[in-house]
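User: I would like a close look at one contact in this model, followed by an account of what else can be said about the parts it joins and the rest of the chain.

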Amino acid sequence: MHNCSEPYVTMNLKENPQIKDILVRLKKNMSGFIELEPYYTPKDVDVCIQMIQNHLDHMAQTFDREEAITLVKKTVLDLNDLNEKCNACLIETDQREDICEIIIMAGHLKGYNEMNEDITEEWREW
């Protein structure tokens, strides 16, 4: 966890190699099911990826856990809405694991949570 005597730093979380790899895998996996799932489109996949990238941009600018958790809640609720619009088919088990890993890792890199702390669970419907 973060040492309170050190100032929080802003960082480009989207450039983290692990996060980049997960985002690529996530988009590929979601896109791979489009032909099998009539409930979502390539645009829905793009919207989902953009929501996650926006989350990373905003998380990079946070300075305390409270602010970060508020952001996590907003992102998860927005993803809930998108997934509901897609008949709960956009975010399946593999996608859920990837999205959670990205959100949790971003918070961890900022020093707000441990990697084994699911900061999405309270609001997540997917």
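With which residue does D44 form a salt bridge, and how far apart are the closest N and O atoms?

Analyst: D44 forms a salt bridge with K85, and 2.6 Å separates the closest N and O atoms. D44 lies in helix α2 and K85 in helix α3, so the pair ties together parts that are 41 residues apart in sequence. A salt bridge here is a side-chain nitrogen of Lys or Arg within 4 Å of a carboxyl oxygen of Asp or Glu. Helices (H or I, at least four residues) and strands (E, at least two) are DSSP runs, numbered from the N terminus.

The model is predicted: local features need pLDDT of at least 70 and side-chain atom pairs count only at pLDDT 80 or more, while totals for chains, interfaces and linings use all residues. Residues are numbered from 1 along each chain as its sequence is written, and side-chain values use heavy atoms, with hydrogens and water left out.

D44 is buried, with a relative accessible area of 7%, whereas K85 counts as exposed at 58% relative accessibility. Buried means under 20% relative accessible area, exposed means over 50%, and partly exposed lies in between (1.4 Å probe, protein chains only). The side chains of D44 and K85 are also listed as a polar contact, at 2.6 Å. A polar contact is a pair of N or O atoms within 3.5 Å; within protein, one must be able to donate a hydrogen and the other to accept it, and residues adjacent in sequence count only if both atoms are side-chain atoms.

The structure holds eight salt bridges. Another of them joins the side chains of K27 and D46 at 3.3 Å, N to O. K27 lies in helix α1 (residues 17-32) and D46 in helix α2 (residues 42-60), so this pair ties together parts that are 19 residues apart in sequence. K27 is partly exposed, with a relative accessible area of 37%, and D46 is partly exposed as well, with 38%. Helix α2 thus holds D44 as well as D46. A further bridge pairs D118 with R124, with the closest N and O atoms 2.5 Å apart. D118 counts as partly exposed at 30% relative accessibility.

Next comes the loop between α2 and α3. T62 lies in this loop and counts as buried at 2% relative accessibility. A polar atom of the T62 side chain lies 2.7 Å from the backbone oxygen of M59. The T62 side chain also makes a polar contact with the side chain of Y112, at 2.8 Å. D64 is found in the loop between α2 and α3 too, but D64 is partly exposed, with a relative accessible area of 36%. The side chain of D64 reaches the backbone nitrogen of E67 at 2.7 Å.

Helix α3 contains L79, which is buried with a relative accessible area of 0%. The C-alpha atom of L79 is 9.8 Å from that of I99, a residue 20 positions apart from L79 along the chain.

Most residues other than glycine have a negative phi. N87 counts as partly exposed at 42% relative accessibility, and A88 counts as partly exposed at 46%.

The place of E92 is also in this loop, between α3 (65-85) and α4 (93-109). E92 is partly exposed, with a relative accessible area of 37%. Together with D94, E97 and E101, E92 forms a negative surface patch. Patches are made of residues with over 30% relative accessible area and no salt bridge, with like charges joined within 9 Å and nonpolar side chains (Val, Leu, Ile, Met, Phe, Trp, Tyr) within 5 Å. Lys and Arg count as positive and Asp and Glu as negative, while His and the chain ends are not counted. The place of a charge is taken as NZ of Lys, CZ of Arg, CG of Asp or CD of Glu. Accessible areas come from the Shrake-Rupley method with a 1.4 Å probe, and for residues only the protein chains shown count as cover.
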